[in-house]
Amino acid sequence: MTEQHLDVAKLQRRLAEFAATRNWQPFHTPKNLVAALSVEASELVEIFQWLTPEESARVMDDPDTAHRVTDEVADVLAYLLQLCEVLGIDPLAALDAKIDRNERRFPAP
């Protein structure tokens, strides 16, 4: 699947199909998905945990570390998209609405 043909709904369908073919849906409860999301986010944090700010800015320069970061970002996004699917949340609409609220809460100087 090429990058230009990806969208959130298509990725959510692929994730749902992947889980369905493995009979994982009973385990994909909101509670379990949130827990998995937290674990994956923690694994992403672990990569950066002891880096200086300067080292963290260059984390993608090392191919092995870049691969680990990319994989953990994908895991976080996968669980977030699955959670949104289970709860009936449109993640892009939710983000757009949140940005609107933040623009009102924190007006530009």
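Author: The mean positions of the 11 positive and 19 negative charges of the chain lie 8 Å apart. This is a predicted model.

Glu40 is buried, yet it has no salt bridge. The nearest side chain of opposite charge is that of Arg68, and Arg68 is 11 Å away. A salt bridge would need a side-chain nitrogen of Lys or Arg within 4 Å of a carboxyl oxygen.

What does Glu40 touch, leaving out residues up to four places away in sequence? The partners are Glu72, Asp75, Val76 and Tyr79. Glu72 and Asp75 count as negative, as does Glu40.

Now move along the helix. Ile47 is also found in helix α2. Its relative accessible area is 9%. The cut-off for buried is under 20%, so Ile47 is buried.

Ile47 has its own set of contacts. With neighbours within four places in sequence set aside, it meets Val59, Thr65, Arg68, Val69 and Glu72. Take Val59 from that list. Ile47 and Val59 are twelve residues apart in sequence. In space, their C-alpha atoms are 9.0 Å apart.

Two names come up again. Glu72 is in contact with Ile47 and is touched by Glu40. Arg68 is in contact with Ile47, but it is 11 Å from Glu40.

For a contrast, go to helix α5, residues 91–105, where Leu92 is found. Is Leu92 buried or exposed? Its relative accessibility is 53%. Exposed means over 50%, so Leu92 counts as exposed. Leu92 and Arg105 are 13 residues apart in sequence. Their C-alpha atoms are 20 Å apart in space.

Now the chain as a whole. It has five helices and zero strands. The pattern along the sequence is α-α-α-α-α. The radius of gyration is 17 Å, whereas a compact globule of 109 residues would have one near 13 Å. The C-alpha trace spans about 45 × 40 × 30 Å along its principal axes.

Of the 109 residues, 18% count as buried. Glu40 and Ile47 are among the buried ones. The chain exposes about 8,300 Å², and carbon and sulfur atoms supply 59% of that area.

Last, the contacts. Consider those between residues at least 6 apart in sequence. Of these, 62% join residues at least 24 apart.

Technical notes. Residues are numbered from 1 along each chain as its sequence is written. This is a predicted model: local features need pLDDT of at least 70, side-chain atom pairs count only at pLDDT 80 or more; totals for chains, interfaces and linings use all residues. Side-chain values use heavy atoms; hydrogens and water are left out. Helices (H or I, at least four residues) and strands (E, at least two) are DSSP runs, numbered from the N terminus. The radius of gyration is taken over C-alpha atoms; the globule rule is 2.2 Å times the number of residues to the power 0.38. Buried means under 20% relative accessible area, exposed over 50%, partly exposed in between (1.4 Å probe, protein chains only). Contact means heavy atoms within 4.5 Å. Accessible areas come from the Shrake-Rupley method with a 1.4 Å probe; for residues, only the protein chains shown count as cover. The place of a charge is taken as NZ of Lys, CZ of Arg, CG of Asp or CD of Glu.
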